[in-house]
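Here are my notes on the model you asked me to look over.

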Amino acid sequence: MTLSGRAHIQALTAALPLLHTDRLQEWGRLLSERLPAGSRLLVAGNGGSAAEAQHLTSELVGRFCAERAPLSAIALHADSSSVTAITNDYGPEEVFARQVRAHGRPGDVLLLLSTSGTSPNVLAAAKAGRELGLTVWALTGPGPNPLAAASDEAVCVDAAQVATVQECHLVAVHLLCAAVDTHLTSPALPAGAEPDSARRMVVVGDVMLDRDITGTADRLSPEAPVPVISGARDIDRLGGAGLAAVLAAREPGWRVTLVCGLGQDEPGVRVRFLLDEAGVEVLDLAASGATPVKTRVRAADRTLLRFDTDAGPLRLGPLPAPARARLGEAAAVLVCDYGRGITSHDEVRQALTEAASGRPLVWDPHPKGATPVPGTTLAVPNTDEALLLTGDTGPRDLAGDAGRAARLLAQWPVKQVAVTRGCDGAILVAGPEGHPLVVPARPAAGDTCGAGDQLAVTAAVMLGAGRLPSHAVAAAVDAATVYVEAGGPASLTDPPASGRTDPLELAARVRARGGRVVGAGGCFDLLHTGHLSLLDQARRLGDALIVCINSDDSVRRLKGESRPVVGEQERATLLAALDFVDGVLVFGEDTPEKILAELRPDIWVKGGDYAGQRIAEASLVESWGGEVVTVPYLEGHSTTTRIDRLTQQAGTR
């Protein structure tokens, strides 16, 4: 049926207000973050949709309105030689899929246009994109349709006429380009400022109260061979999803809503107070029940005893309408399942399934909890949970965790699985054919309680900001390490951590729990294998290694005007990146006595080239009971000798 001019305009006028502009804005934001960072946009369609696809790529490679750097965007139908050759050799269904396999990399975005949503070559491209780890979007006609179902997200135009759908797609292309320009050309906020429209995270899960009884244990009871805790004091903290919500609320630019069931008792009142104090919005489903309380007895930064109060079942009521609204507007959703029943709630699961179709959803599972909902972006079980969830009895090693992650990926309706491995980091599996991504953790000493929650929160924050799952997991492992270094739950009373713990604070914590602090010093100009051997051996002597390095001015006074070759900031960064270095301090004097008096190491290490000599700072170190030792020296690795050799070689050219 051919529409008259007025009917045509009326059809377009009826369809445009239904266009999912919020999703297009979010797509534009994501492209504005990924494309400048090196990802690319692949676009494909047939007929009129091919024209729309090429229109989009030209606006991004060129410019839409604002002046900005060109962005990588490729229209897959525009290479006529490839299109005809692939069609001839592999058939028309492979014309886009083969190009996706050639050009696509994890982190790229594939946008497919089809008015019907049924074109075989477009569906094959969507399948190839998902298999390769691309983010797959679709612009289609009325939904549901096969292409929308095969994509991560879709904008479906509810219109009967193909022409109306295509015209709405053109508007969608322009909205997408405008959103990209807006995000790339908007002025930056002043340092410390928070945007008016901060992103919202919704945390869904089970809440408990953690209580620490801390004191000093310096004698045994005469009644039994057990330690006596003196000077005991109680500290209440949030546990479970409550802790995750508080950690999320400490992330700059994020507002947090917690959907949970609060116990109808005194601990429940305490939990509510702590959440309010942290600025977390609480949406409570509980109709009756008590709050689980987990109590740890601690001394010298160690847990001596833990006892749990069994709260019994929690009866949940219907999901409040505001909770559905918050899930609908969230930039990221985090589920923290502690096996208390909220993830089995039918209305909660339905709302989470709907939320997962439009935003990243991270699921931190529990062996007694429910399986993740369809569309979950990332599941983050730890090794123990993965063992129980798979019924696996294999070894707790890298290969075992990779196998368990692959098994969970196959049995759960999730896109990726990261098995978290405590001090060994995490392993991410994105598909049955791909190699697992291993994210090692650097050594960290401290209270690990809540480190898994910190990891899950950071992963959700990173995914909500448009980062790749691989980047999100790497950042999450590092954030969990920083959290442990900062003292675990004790760090929640301090400002949010930004980077590695101060070395002097780390040394104090290591000593407080009975550990040994090792120090090593030097210029460390032109870091070489001799330095690595020294530091590796030094770290094995204690529980933390702090390296003290001479400042640039200090090196210059000691070694001459041509030194250092590498500046103090870069030297410190390189040393801090080593797994066996826990912290770096820079001192400006010619000798390290002043910084040693602050650090007060238990062991001060020098290279074996000092063997047989009295080291100048030995008396100072011994004054607080410390030891000065030497470790074997690796011959032929003097920095000065190496520099002289390089200078001679340069002079003979």
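1. Let me start with a term: a residue is called buried under 20% relative accessible area, exposed over 50% and partly exposed in between, using a 1.4 Å probe and the protein chains only. With a relative accessible area of 74%, Glu-433 is therefore exposed. You will find Glu-433 in the loop between strand 19 (426-429) and strand 20 (437-439). Its C-alpha atom is separated by 37 Å from that of Leu-258, and the two residues lie 175 apart along the chain.

2. A word on where the values come from. This is a predicted model, in which local features need pLDDT of at least 70 and side-chain atom pairs count only at pLDDT 80 or more, while totals for chains, interfaces and linings use all residues. Residues are numbered from 1 along each chain as its sequence is written, and side-chain values use heavy atoms, with hydrogens and water left out.

3. Now the overall picture. The C-alpha trace spans about 100 × 80 × 50 Å along its principal axes, and 49% of the 653 residues are buried. The protein has 23 helices and 25 strands; these are DSSP runs numbered from the N terminus, with helices (H or I) of at least four residues and strands (E) of at least two.

4. Strand 18 (residues 414-420) deserves a look, since 6 of its 7 residues are buried. Two strands count as paired if DSSP finds at least two bridges between them. Strand 17 (residues 376-379) runs parallel to strand 18, joined by 3 bridges, and Thr-376 stands opposite Val-414. Strand 19 is antiparallel to strand 18, with 4 bridges; here Val-419 has Ile-427 as its bridge partner. Strands 18 and 19 form a hairpin with 5 residues between them, and Gly-422 in the turn has a positive phi of about 60°.

5. Elsewhere there is an open sheet of 5 strands, in the order 2-1-3-4-5 with parallel pairing. Strand 2 (73-75) and strand 5 (153-156) are at the edges with a single partner strand each, so one side of each has no neighbour in the sheet. Strand 1 (residues 41-45) pairs with strand 2 in the parallel sense over 3 bridges, and Leu-41 has Ala-73 as its bridge partner.

6. Which cysteines might you check? A search of the whole structure finds 0 disulfides, a disulfide being a pair of cysteine sulfur atoms within 2.5 Å. For Cys-168, the nearest cysteine sulfur is that of Cys-156, 12 Å away. For Cys-449 it is that of Cys-336, 13 Å away. Cys-168 counts as buried because its relative accessibility is 0%, and Cys-449 counts as buried at 14%.

7. Finally, the second largest pocket has a volume of about 1400 Å³. A pocket is an open set of points on a 1 Å grid over the protein atoms alone, where a 1.4 Å probe fits, with protein on both sides within 12 Å along at least five of seven lines; lining residues have an atom within 4 Å of a point. The volume is the space filled by probe spheres set on the points, which are joined across faces, edges and corners. Of the 48 lining residues, the closest to the centre are Asn-382, Thr-448, Gly-450, Ala-451 and Gly-452. Elements giving two or more residues to the lining include helix 13 (383-390), helix 15 (451-464) and helix 16 (469-485).
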